[in-house]
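Morning, everyone. Please have the sequence and the model open while I talk.

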Amino acid sequence: MNDPVVDVILLDVPVALWARWRDHLDRTLSALGTAEGVPARLAALRARLRDAYPTVAETADAELRSAGVRRATSVDVAYPVPRRGRAELDDFLDALEDLDAYAAEAGREDLVTPADLKSFRRWYFGEIAKQVDGGFPAPWPGD
């Protein structure tokens, strides 16, 4: 049986902010990735999502990286998101919130997601979830 796919459209994604968010997440996972608990859970979930939905992030992430090379300030991107991935999306966002708490408890304030990146992250995942649930796209509202 084919799983229905929703073409999620993220409007006016701020390229530099997206790049900072991805860099921060990669740096945090690298720094805390060998620890027990939340970082391991997040790394495993991230790997599981990449394995289960390999083309979902690759397509849009490539567009965002290309936009960065072109020095675009914002870009619209499309993610083909299978409806069955909705629950995993919530799990991933929860794990990111837990990662921030874990970093703070470990005394690694430098790895806690800054407020502007948290705001972006909530919009980014919120837009995906909203559209998978049948809502319409809304552009990045800015800071």
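First, a definition: the expected span of a helix is 1.5 Å times one less than its number of residues. Helices (H or I, at least four residues) and strands (E, at least two) are DSSP runs, numbered from the N terminus. Now two notes on the source. This is a predicted model, where local features need pLDDT of at least 70, side-chain atom pairs count only at pLDDT 80 or more, and totals for chains, interfaces and linings use all residues. Residues are numbered from 1 along each chain as its sequence is written, and side-chain values use heavy atoms, with hydrogens and water left out.

Take helix α5. It has 18 residues. From first C-alpha to last it reaches 26 Å, close to the 26 Å expected at 1.5 Å a residue. Just after α5, G134 takes a positive phi of about 110 degrees.

Which residues of α5 are buried? Buried means under 20% relative accessible area; exposed is over 50%, and partly exposed lies in between (1.4 Å probe, protein chains only). Among the buried ones are L117, F120, W123, Y124 and E127.

Now the core. A nonpolar core is a set of buried Ala, Val, Leu, Ile, Met, Phe, Trp, Tyr and Cys residues joined through side-chain atoms within 4.5 Å. The largest one has 33 residues, and L10, W21, F120 and Y124 touch the most other members. α5 gives the most to this core, with 8 residues. In general, nonpolar side chains in soluble globular proteins tend to be buried together.

Look at F120. Contact means heavy atoms within 4.5 Å. Leaving aside neighbours within four places in sequence, F120 contacts V13, P14, L17, W18, W21 and W140.

Next, E127, also in α5. Is E127 buried or exposed? At 5% relative accessibility, E127 counts as buried. What does its side chain meet? A polar contact is a pair of N or O atoms within 3.5 Å; within protein, one must be able to donate a hydrogen and the other to accept it, and residues adjacent in sequence count only if both atoms are side-chain atoms. E127 makes one with the side chain of Q131, at 3.0 Å. The E127 side chain also reaches the backbone nitrogen of A138 at 3.0 Å.

Last, a salt bridge: a side-chain nitrogen of Lys or Arg within 4 Å of a carboxyl oxygen of Asp or Glu. The structure holds 9. One of them joins E127 and K130 (2.8 Å, N to O). K130 is partly exposed, at 32% relative accessibility.
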